[in-house]
Amino acid sequence: MSGPLLPYGRQTIEDDDIAAVAEALRGDFLTTGPTVEAFETAFAETVGARHAVACANGTAALHLAMLALDVQPGEVCIAPAITFLATANCARYVGAEVVFADVDPLTGLMTPDTLADALKRVGGRKLRAVLPVHLRGDVAQLDALEALARDAGAVLVEDAPHALGSTATFGNVSERVGDARHSAMATFSFHPVKTIATGEGGMVTTNDDRLAERLRVMRSHGMIRPPGADPWWYEMPEPGFNYRLPDILCALGLSQLGKLPRFAARRKALTARYQSALAPLAPMLRPAVRPLWSDPVLHLMVALIDFAAVGKARRQVVEELRARGVGSQVHYIPVSRQPYYVNRYGPIDLPGADAWYEACLSLPLYPGMADEDVDRVAAALKAVLGA
Ligand SMILES: *Cc1c(COP(=O)(O)O)cnc(C)c1O
């Protein structure tokens, strides 16, 4: 054991974050108060979108996006196989069916080719949304994905929890993840391992006034207040949910958002240090590949490891790293392999997702890490892999 365990990710909560929460606790509103709108406004400005709608978590954000689009039972959404469960599950929440797209085995991202293949599997059904995931923080090829989705009569919904702060350049235009230039909506999560943390928390961004209004209505029970109605009056055209993000957590989110430039710079510096520290471990280990258009703030530092060449199973590598104080995680088991989806759709052949899953291992990456921690991870990998 060399030092305390480095987890693969963790929050950075500082005294002023705590003070912001304490102030909210002393205020008049614990839930729907002025800090909700303040957080939303600051978030929309940060990512360059017209609207941002705060909600309970990243999963609720995805569900709200499906509700805002009014996706119907039997319609289809396309999600990449390599993502967190929620990207696919949100379609099922509204009764829609999921078609899984394969991913590039070196980036982990859905590509125009893998989307084109998935489109063939939609068959005669109505496709409503394609949900690219900016896995690790690298940006999916949004311009080309948007064109394919549009031709198929669908919109993009970016599942962007990994990519707050990431930018990309398409055709000489620099874009921020969350600006929703190519998508109907983008969704975020503020789970403690994500780039900013509120414990539980989420956000949906959009440039569409009507979608923003529907997100707000469905976030709070589906209640509307017609203009000029009696002060106690509300109406429910259709049932929504209680997916609100409390004022207390919005205060934390607002405080954390102010630190995004610093957190992003730190993640970029750590990523650069990893790139050089890990270079000697090739070809046994190579970092996941960054696409040309992407300028990421990485959420995950994913190493792709040739475990057969190493002569050790991934489980053994994970355990030996842990014994040396290095935590790691696998992002992700293909969602298409989950028992629920296998029961529903049968086994699906997605060779890119399988190759990614076989090789991936997420190494510690969070703003609180020291430069020396990166060196410690690289040294542990060198010893464990026998490189
Ligand atoms: C974290 C995450 C979610 C879910 O967010 P929660 O806030 O945990 O509900 C969805 N999709 C992706 C890609 C995520 O990383």
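So, salt bridges between domain 1 and domain 2: the count is one. This is a predicted model, by the way. The partners are Glu97 and Arg344, and their closest N and O atoms sit 2.9 Å apart.

What else is polar across that interface? There are 22 residue pairs in polar contact between the two domains, counting pairs with both residues at pLDDT 80 or more. On the domain 1 side, the elements that each supply at least two residues touching domain 2 are helix 4 (85-93), strand 3 (97-101), strand 6 (167-170) and helix 8 (247-257). If you sort the residues on that side by type, you get 21 nonpolar, 14 polar and eight charged.

Okay, stepping back to the domains themselves. The domain assignment puts domain 1 at 15-257 and domain 2 at 260-385. Domain 1 brings 43 residues to the contact, and domain 2 brings 36. Taken over C-alpha atoms, the domain centres are 25 Å apart. Between them the two domains bury about 3,400 Å², and carbon and sulfur atoms account for 61% of that.

Now the ligand. Which residues are closest to it? Let me pick out some side chains. Asp159 has a side-chain N or O atom 2.7 Å from a nitrogen atom of the ligand. For Ser189 the distance is also 2.7 Å, from a side-chain N or O atom to an oxygen atom of the ligand. And then there's Tyr332, with a polar side-chain atom 3.5 Å from a ligand oxygen.

Notes: Residues are numbered from 1 along each chain as its sequence is written. This is a predicted model: local features need pLDDT of at least 70, side-chain atom pairs count only at pLDDT 80 or more; totals for chains, interfaces and linings use all residues. Side-chain values use heavy atoms; hydrogens and water are left out. Domain bounds come from an automatic or database domain assignment. Contact means heavy atoms within 4.5 Å. Buried area is the accessible area (1.4 Å probe) that two parts lose on being put together, summed over both. A salt bridge is a side-chain nitrogen of Lys or Arg within 4 Å of a carboxyl oxygen of Asp or Glu. A polar contact is a pair of N or O atoms within 3.5 Å; within protein, one must be able to donate a hydrogen and the other to accept it, and residues adjacent in sequence count only if both atoms are side-chain atoms. Helices (H or I, at least four residues) and strands (E, at least two) are DSSP runs, numbered from the N terminus. Ala, Val, Leu, Ile, Met, Phe, Trp, Tyr, Cys and Pro count as nonpolar, Asp, Glu, Lys and Arg as charged, and the others, Gly among them, as polar.
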